[in-house]
Amino acid sequence: MSFFKSIWFRCISCLLAIALISGGLLTILSNLLYVSPEERTSRAMAKIYGAPVEVSAENIIVDIDSDDASKSSPITSNYGELQKIYKVNVNGESFDMVFQAQGNNGYKGGTITLWVKVVFENNLPIKIDKVILQSSDKQTLMSKIGGDFYNRFTLDDVTEDYKNGKVFTGNQKDTANILNPVSGATYSANAGNNAVNCVIDYCWGTN
Amino acid sequence: MKTNFKKIAVDGVVKQNPTLKLVLGTCPTLALTTLAMNGIGMGLAVTFVLICSNVLVSLLRKAIPSQVRIPAFVLIIATFVTIVRLVLEKFMPDLYDSLGLYLPLIVVNCVILARAESFASKNPVLASAADGLFMGLGFTVALTLMGAVREILGAGAIFGVKLWDFQIAFFASSAGAFFTYAIFIAIFCLIENIISKNKKRKEFALATAYTSSNTEVK
């Protein structure tokens, strides 16, 4: 009986009560505020196109969140993997392809996931039109990577280089490829470059 | 005892400003002030957690045994930080992405634990809520001002709006963060010293006038 009046019991029961109430509250809130993969995708599409875009089932080429087993496997390469590939704005042989690409070899072996929009005409890739950030893993210096880094991928002068087998690199000494470094976040920039390189590899088939 | 809200407000924003006077919460201050918007976002998130945790700590101050008060405070703070994370991820994904790692780190922000321990655990609910609000405001103002200065000098923009092409990359770097922080603390102390000297001078002048008038009467 004395145990129930002891300070030990009071301490443990107080901490347990707070933990239980907090846990219960957070369980309810995490269910209410859950962001599904579909919602994340539609947010990204809205960011790319400025308005929500619906993708019909036949225009989904790859989607790792899909229940369809034939579409749920990512396309892997040396640079990373393509986790989602959608055909959007299909108008005969002209359309956009939107990729969710995860680039490898970032800081501490982490990754960066980008959305990349490629414009196709006559079934041929014309240029990378837009690149936006989806998420990053283990990259603590993402705030250093600004709009200039993403815009570099969409410049007209580099499109010809993709066709000639060039890819993006953050390495200043690697002059054979297209330089796109970020001072102070070179590893993270490397992962970002690799995400786009996955797309270049898929569209232009350089390697 | 009557709560002096004016004193709490002045203490929170000026006299005990958590960033510029108490030098607490320096990790997000240095890391996130590359943009003014980040400063506002982080400041408001901390303000919400400060108000909520102060209110709850104040409500439970007689129920929590003093031996486990710190783990109990951390549990309470962690709960509110998780709520902020969930809300931001759902409704403000851009801000959520830009705050990144520093959002969960609010749990170990010294400002919040310090106010829970030094104020909320000893004061009534309303005063604790006011303390959380004004401490949070002081933190937000300091972070936003630092963010604005660093964004203008480091990126030539303010709140994402480009002002000019002139940029000093140093201000966007970590070293620039320390430098800007030091300049801000120096300016804050200078202004505070000038104000306190003026106040003392006025008090001295009043005291002298009072003494001389008393002497004349005698």
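**Entry: the interface**

How much area do chain A and chain B bury between them? I noted about 1,900 Å², with 68% of it on carbon and sulfur atoms. Buried area here is the accessible area (1.4 Å probe) that two parts lose on being put together, summed over both. In chain A, the residues that lose the most area to chain B are A:Leu15, A:Ile18 and A:Leu33, together 26% of what that side buries.

Before going on, I wrote down the ground rules: this is a predicted model, where local features need pLDDT of at least 70, side-chain atom pairs count only at pLDDT 80 or more, and totals for chains, interfaces and linings use all residues. Residues are numbered from 1 along each chain as its sequence is written, chains are lettered from A and ligands numbered from 1 in the order in which they are written, and side-chain values use heavy atoms, with hydrogens and water left out.

Next I looked up contacts, meaning heavy atoms within 4.5 Å. On this count, 22 residues of chain A touch 24 residues of chain B.

I also found seven residue pairs in polar contact between the two chains, both residues at pLDDT 80 or more. (A polar contact is a pair of N or O atoms within 3.5 Å; within protein, one must be able to donate a hydrogen and the other to accept it, and residues adjacent in sequence count only if both atoms are side-chain atoms.) On the side of chain A that touches chain B, α2 and α3 (37-49) of chain A each give two or more residues. The largest share, 12 residues, comes from α2(A). Helices (H or I, at least four residues) and strands (E, at least two) are DSSP runs, numbered from the N terminus.

I picked A:Ser22, which sits in helix α2 of chain A. Is A:Ser22 buried or exposed? A:Ser22 counts as buried, at 11% relative accessibility. The cut-offs are under 20% relative accessible area for buried, over 50% for exposed, and partly exposed in between (1.4 Å probe, protein chains only). The side chain of A:Ser22 makes a polar contact of 2.9 Å with that of B:Thr79. Leaving aside neighbours within four places in sequence, A:Ser22 is in contact with B:Leu75 and B:Thr79.

Then I went to A:Val35, in the loop between α2 and α3 of chain A. A:Val35 is buried, with a relative accessible area of 5%. Beyond four places in sequence, A:Val35 touches A:Arg40, A:Arg43, B:Glu89 and B:Lys90.

**Entry: salt bridges**

How many salt bridges does the structure hold over all chains? I wrote down 12, and three between chain A and chain B. A salt bridge is a side-chain nitrogen of Lys or Arg within 4 Å of a carboxyl oxygen of Asp or Glu.

I looked at A:Glu39 and B:Lys90, whose closest N and O atoms are 3.2 Å apart in a salt bridge. A:Glu39 lies in helix α3 of chain A and B:Lys90 in helix α4 of chain B, so the pair joins two chains.

A:Arg40 and B:Glu89 also meet in a salt bridge, at 3.0 Å from N to O. Here A:Arg40 is partly exposed at 33% relative accessibility, whereas B:Glu89 is buried at 16%.

Salt bridges that share partners join A:Glu39, A:Arg43 and B:Lys90 into one network.

**Entry: the core and chain B**

Which residues have the most contacts inside the largest nonpolar core? I noted B:Met42, B:Val49, B:Leu103 and B:Ile106, in a core of 38 residues. Its largest share, 10 residues, comes from α4(B). A nonpolar core is a set of buried Ala, Val, Leu, Ile, Met, Phe, Trp, Tyr and Cys residues joined through side-chain atoms within 4.5 Å.

For chain B as a whole, I listed eight helices and two strands, in the order α-α-α-α-α-α-α-β-β-α. Buried residues make up 42% of its 218 residues.
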